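Here is a short tour of one protein structure. Take a look at the model before reading on.

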Amino acid sequence: MIARLCALLLCLGIGGAQADSSLNEDELRFVTANAEFTLLHEMGHLLIHELQLPVLGREEDAADQLGFIGLFLLYRRQDDPAFAARLLDVADYWRLEWQRPKPAREQVREWDSHALDAQRFYTIACLAYGSDPAQMEWIIQATGLPEERAFYCDQEYAQALHAVNWLKEHFRRKPGEPMGERIEVIYDAPSYALEDGEQLLARIRASGELEAVASKAADTFALPRPLVLRMTNCGAPDAWYDHRAGELTLCYEHLEHLRRLAAQLPHLRNGAEQGRALPAQGGRQ
Ligand SMILES: [Zn+2]
């Protein structure tokens, strides 16, 4: 499973030295870490609806926590510096979303079902720090997480981990229990408007990562109905789970958006003027 996930490095149309030399190692890791987090966040929505999980509070917050803990479950490498860097990448995605200039339709929407981008940034940063305060103390400086929040982050992480462990204990398929339904992975042809569209599709298919995550979910839990995981063109960077249709959608444009945001990491991490030259278009997941 882990080996197949690592293959995502190749699945975004940017992996490999000969595929796209314009992305450095940090940018490549940023794109893959956030593509995986997006997929796991949407799988969180899928499990909430298909298993009828009890949710206290906002479903979007629960999906973020499922996605975040999902990274730990998939990699099992909490003490690995490369894994820790991926957690910062996921937090920094939300910092970049928060600080990029937004068109009027994307301005702060207090009524939205999602937490504000700035709040998602601090919450992910808090969970990353709280996962191992002794080893991850550098996250506080790297993110500017205030000590008033940081003080409780170990408890926030423990609470999220407890919830996911409870979910596994109560909902995972028992030995001998029949398999449930499967998640079919469908790739729509990428739009030619996308950079390297055909190459992108070929690499995503070749990686097998979407199939691996879909199989893992269907093997672990007895899903009550057949579902679909679809890669498609959406017209905008986004991803979502449609529980009426039983379909999880990942947009090619979201991968392109991650690639553009990755180029802003040096500005962000070197303390350059915030918000300068950030892409203006983004989705909400
Ligand atoms: Zn969501």
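Helix α5 (residues 81-99) holds Arg 86. Helices (H or I, at least four residues) and strands (E, at least two) are DSSP runs, numbered from the N terminus. This is a predicted model: local features need pLDDT of at least 70, side-chain atom pairs count only at pLDDT 80 or more, and totals for chains, interfaces and linings use all residues. Residues are numbered from 1 along each chain as its sequence is written, and side-chain values use heavy atoms, with hydrogens and water left out.

Is Arg 86 buried or exposed? Arg 86 counts as buried because its relative accessibility is 13%. Buried means under 20% relative accessible area, exposed over 50%, and partly exposed in between (1.4 Å probe, protein chains only). Setting aside neighbours within four places in sequence, Arg 86 is in contact (heavy atoms within 4.5 Å) with Arg 29, Thr 32, Ala 33, Glu 36 and Tyr 75. Leu 71 is 15 residues from Arg 86 along the chain, and their C-alpha atoms are 9.3 Å apart.

## The whole protein

The protein has 13 helices and four strands. It has 285 residues, and 52% of them count as buried. Among contacts with a separation of 6 or more, 69% join residues 24 or more positions apart. The protein exposes about 13,500 Å², with 52% supplied by carbon and sulfur atoms. Accessible areas come from the Shrake-Rupley method with a 1.4 Å probe; for residues, only the protein chains shown count as cover.

## Core and enclosed helix

In soluble globular proteins, nonpolar side chains tend to be buried together. Here the largest nonpolar core has 73 residues. Such a core is a set of buried Ala, Val, Leu, Ile, Met, Phe, Trp, Tyr and Cys residues joined through side-chain atoms within 4.5 Å. Phe 30, Leu 46, Phe 68, Ile 183, Leu 210, Leu 223 and Leu 229 have the most contacts inside it. Helix α3 gives the most to this core, with 11 residues. Leu 229 touches several residues beyond four places away in sequence, including Leu 39, Ile 183, Leu 210 and Leu 250.

Helix α12 (residues 252-262) is largely enclosed by the rest of the structure, because 10 of its 11 residues are buried. Among these buried residues are Tyr 252, His 254, Arg 259 and Ala 262.

## Two pockets

On a 1 Å grid over the protein atoms alone, a pocket is an open set of points where a 1.4 Å probe fits, with protein on both sides within 12 Å along at least five of seven lines; lining residues have an atom within 4 Å of a point. The largest pocket has a volume of about 690 Å³. Its lining has 24 residues, with Val 55, Leu 56, Ala 62, Gln 65 and Ala 163 nearest the centre. Helix α9 gives the most to this lining, with seven residues.

The second largest pocket holds about 510 Å³ of space. It is lined by 21 residues; Gly 70, Leu 73, Leu 74, Lys 216 and Phe 221 are the closest to its centre. Elements that give two or more residues to this lining are α3 (25-50), α4, α9 and α11. The largest share, five residues, comes from α4.

## Lys 216

Lys 216 sits in helix α11 (residues 209-220). It counts as partly exposed because its relative accessibility is 40%. Ile 183 is 33 residues from Lys 216 along the chain, with 9.7 Å between their C-alpha atoms.

Note on methods: Grid points are joined across faces, edges and corners, and a volume is the space filled by probe spheres set on the points.
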